[in-house]
Amino acid sequence: VAGRAGSVFLLTDYGLADEFAGVVRASVSRHAPGVPIIDLTHGVTPFDVRAGALGLVRAVPYLGPGVVLAVVDPGVGTARRAVAVSVTPDPGSEGPRHFVGPDNGLLPWAVDAVGAVRRAVTLPRPSDDAAGATFDGRDVFAPAAARLWRGEDVAELGDDLDPDCLVRLAPPRTTSSPGTLETEVLWVDRFGNVQLAARPDDATAAALGVDLKVVTAATGVSRRAARVTAFAALGPGALGLIVDANRHLALVCDRRSAATVLEVHPGDLVTLRSVVPGPGSP
Amino acid sequence: VAGRAGSVFLLTDYGLADEFAGVVRASVSRHAPGVPIIDLTHGVTPFDVRAGALGLVRAVPYLGPGVVLAVVDPGVGTARRAVAVSVTPDPGSEGPRHFVGPDNGLLPWAVDAVGAVRRAVTLPRPSDDAAGATFDGRDVFAPAAARLWRGEDVAELGDDLDPDCLVRLAPPRTTSSPGTLETEVLWVDRFGNVQLAARPDDATAAALGVDLKVVTAATGVSRRAARVTAFAALGPGALGLIVDANRHLALVCDRRSAATVLEVHPGDLVTLRSVVPGPGSP
Amino acid sequence: VAGRAGSVFLLTDYGLADEFAGVVRASVSRHAPGVPIIDLTHGVTPFDVRAGALGLVRAVPYLGPGVVLAVVDPGVGTARRAVAVSVTPDPGSEGPRHFVGPDNGLLPWAVDAVGAVRRAVTLPRPSDDAAGATFDGRDVFAPAAARLWRGEDVAELGDDLDPDCLVRLAPPRTTSSPGTLETEVLWVDRFGNVQLAARPDDATAAALGVDLKVVTAATGVSRRAARVTAFAALGPGALGLIVDANRHLALVCDRRSAATVLEVHPGDLVTLRSVVPGPGSP
């Protein structure tokens, strides 16, 4: 039975210091004995729905079949919906077929990466209101994910919801003009690499050169950078622009934090500008 | 076989930076191939037995069948006992039937939450004293948990121990008088929510009003708070008293740390006092 | 099938804040449905190959059968090789038979602890270079580990590599003279315990006494220490030398960080010197 319907994949902002993630794992396992549970991460910045959605969309092409249970939920306890979404996968896609979480923009990008919404439902609130505040990961999302993993149809889990009504986040920003790319910082990873919203096609469209000036909008920090294909092509402290493993452009240093060098954070805008060598330059 | 006897649930203060937790996982798995292992948390504050016991008792109603392996063990290497406890579950309880860990108060509250002690034993020390200090999680508790999961009776694991001799921690403190509740901070979670020892019945007994003054004993910090049913009912920065998902009273802010506002830590006493509007108040 | 070939054990410097570790778990699981995945740790200091190798060699005697997938890889994207190594186990060894990771010294000590290299191969780069930088944990090491777990022979995974060509790290340093031991700090754990390269035999060879002076080479900090058999034998703040659970000498305090007291870090040299009581001493 294990593996029959794939795994349940968890992504939350619960952290690992408390027992929140552990209780959700146990709740999934209790409702679906034998289920393989795979933690994607519980380290999303608290309440940062956008960061959770971006992490999920980076991960989802590599997950294989199963159910995604994602919780970054600043609106817990409000009227925001809890939802389950089943997907008609794109041809050849082997990704997860089901997504469970709050209806706050956390899920749709990942759904898009796998296929199209087949059916979406609103998950009902637990009936026992006397119990006080609910822990939706434990009480709502884990049981729903377990039922989907066991093969129940999403229609059995709640009332139908128009997929067009699912809350969506504003798409990442990238604008280009000849020699210039203005783009949003999507992610600063553990190593200080700075993933940008822009992709290689954007660099091509902007006819971006090999030698660049990078300016951080928020702080005005300005640095030179070179387009490279590997970290090791960079000298000590030098800044490079690479195509990263998610096929985004990224600003990086070799064994050093590019985010620290640039003083950037997720959500910041940076400008990449081709440096035109002046007369007399080498 | 997997799931036959449930899971092995881990709760420790080992952290995740070192390989301690990983070696315990591997040791359980080696002695019980196929066992589902569920990390509750490894993030208990080092040596904080009380915090570990409180986290375990919050989690245990949601775990399903299996064996709890818990280690927060400032007395490792001393004469403190290592114990295994099997439980006669309360009617209808589907929780874990076995608990393994140090005899320092870490386990009994969780045992109480599931049922009554059926049998308790002292686990013997590993015989190979030449090996130096033992890593009891790896060498004592993991093999014992694996044997219980595989179906061995607890009586085979060591010598009988009078359950009344198990070390117990002092119970959390709450005292009430008309309009006033003095209660211990049990837990500050990742989001800064402040779980109190007091429960809704204590608030009822104290006839606590909707408008409250909260005073932190240690620092004298004083703040107004309102009893609410959801985080989102609170304005920016406002402090609220809710019934949390463990049916305790908790002091919270909306998307902000109530613990920071109140300058409180686990173990601190706080006083909640009804505010009686004076004449002329709105 | 689960457990047939043991588990896949993960050790990386990916941390748990990002989804890196989760994507590797998913990638292993997708290529080997039903595989038990055991995280040893993802908390190795970024790029610290030596710390990763030391953690792995501490863990490997306790793992049981399976495949080790280890990634601490400052040279990702350079010409450094990706390798898979299969082992002829020492008689009686039940440890992992296969190791996958970068060829930078991370694996050989752990291989040595299990047996001798039976066959080593170089793992090919993913062919799709258009994809940009690779995430070798996801794209190279996880699929290789999964194939080995499923029972494929290592020879099918890549071209043969002379085992003598595997990169090896400099061995930990310990030198002794009568009454003196100079030795490297290998590890400072979560509790501040300071594991040394020296082992009990080294102390015997140096005829080290019970009363010691400990000097940290880098800072000149000097402290008295006593050889003890348990943490609890130490008074508040007192420093002790024990044989730890990995059979190394270690400097420890009772419920306090010895590393803070000594101001030491991994890689530092410390000198342990027998204190000869002068005339008139008790």
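Buried area is the accessible area that two parts lose on being put together, summed over both. In the predicted model described here, the area buried between chain A and chain B is about 2,500 Å². Carbon and sulfur atoms give 60% of that area. The contact joins 32 residues of chain A to 31 residues of chain B. On the chain A side, A:Glu19, A:Arg30 and A:Arg138 lose the most area to chain B, and together they account for 23% of what that side buries. One salt bridge is found across this interface. A salt bridge links the side chains of B:Arg58 and A:Glu19, with 2.7 Å from N to O.

The contact of chain C with chain A was examined in the same terms. Chain C and chain A bury about 2,500 Å² between them, with 60% of it on carbon and sulfur atoms. Each of the two chains brings 32 residues to the contact. C:Glu19, C:Arg30 and C:Arg138 supply 23% of the area that chain C buries against chain A, more than any other three residues. One salt bridge is counted between chain C and chain A. A:Arg58 and C:Glu19 meet through their side chains in a salt bridge, at 2.6 Å from N to O.

The relation between these copies was then considered. Two copies of a chain are related by a rotation about an axis and a shift along it. Chain C is superposed on chain A by a rotation of 120 degrees with 0.0 Å of shift along the axis, and the RMSD is 0.0 Å. That is the relation of a three-fold axis. Only 12% of the interface residues of chain C are also interface residues in chain A, so the copies meet through different surfaces.

Within chain A, the secondary structure comes to six helices and 15 strands. The C-alpha trace of chain A spans about 75 × 40 × 35 Å along its principal axes. Of the 282 residues in chain A, 55% are buried. Among contacts between residues at least 6 apart in the sequence of chain A, 70% join residues at least 24 apart.

Helix α4 of chain A, residues 136-149, has 14 residues. The helix reaches 18 Å from its first C-alpha to its last, close to the 20 Å expected at 1.5 Å a residue. A kink of about 30 degrees lies at A:Ala142, shortly before the proline A:Pro143. Because 12 of its 14 residues are buried, α4(A) is largely enclosed by the rest of the structure. The buried residues include A:Arg138, A:Phe141, A:Ala142, A:Pro143 and A:Trp149. Among the elements that cover the buried residues of α4(A) are β1 (7-12), α1 (20-31) and β3 (66-71) of chain A. After the helix comes A:Gly151, whose phi is positive, near 105 degrees.

A:Gln195 lies in strand β10 of chain A, residues 194-196. With buried meaning under 20% relative accessible area, A:Gln195 counts as buried at 3% relative accessibility. Leaving aside neighbours within four places in sequence, A:Gln195 is in contact with residues including A:Arg58, A:Glu184, A:Trp187, A:Asn246 and A:His248. A:Asn246 is 51 residues from A:Gln195 along the chain, and their C-alpha atoms are separated by 9.0 Å. A:Arg58, one of the contacts of A:Gln195, is also the residue that meets C:Glu19 in a salt bridge.

Notes. Residues are numbered from 1 along each chain as its sequence is written. Chains are lettered from A and ligands numbered from 1 in the order in which they are written. This is a predicted model: local features need pLDDT of at least 70, side-chain atom pairs count only at pLDDT 80 or more; totals for chains, interfaces and linings use all residues. Side-chain values use heavy atoms; hydrogens and water are left out. Helices (H or I, at least four residues) and strands (E, at least two) are DSSP runs, numbered from the N terminus. The expected span of a helix is 1.5 Å times one less than its number of residues. The bend at a residue is the angle between axes fitted to the seven residues ending there and the seven starting there. Buried means under 20% relative accessible area, exposed over 50%, partly exposed in between (1.4 Å probe, protein chains only). Contact means heavy atoms within 4.5 Å. Copies are superposed by least squares on the C-alpha atoms of residues with pLDDT of at least 70 in both. Buried area is the accessible area (1.4 Å probe) that two parts lose on being put together, summed over both. A salt bridge is a side-chain nitrogen of Lys or Arg within 4 Å of a carboxyl oxygen of Asp or Glu.
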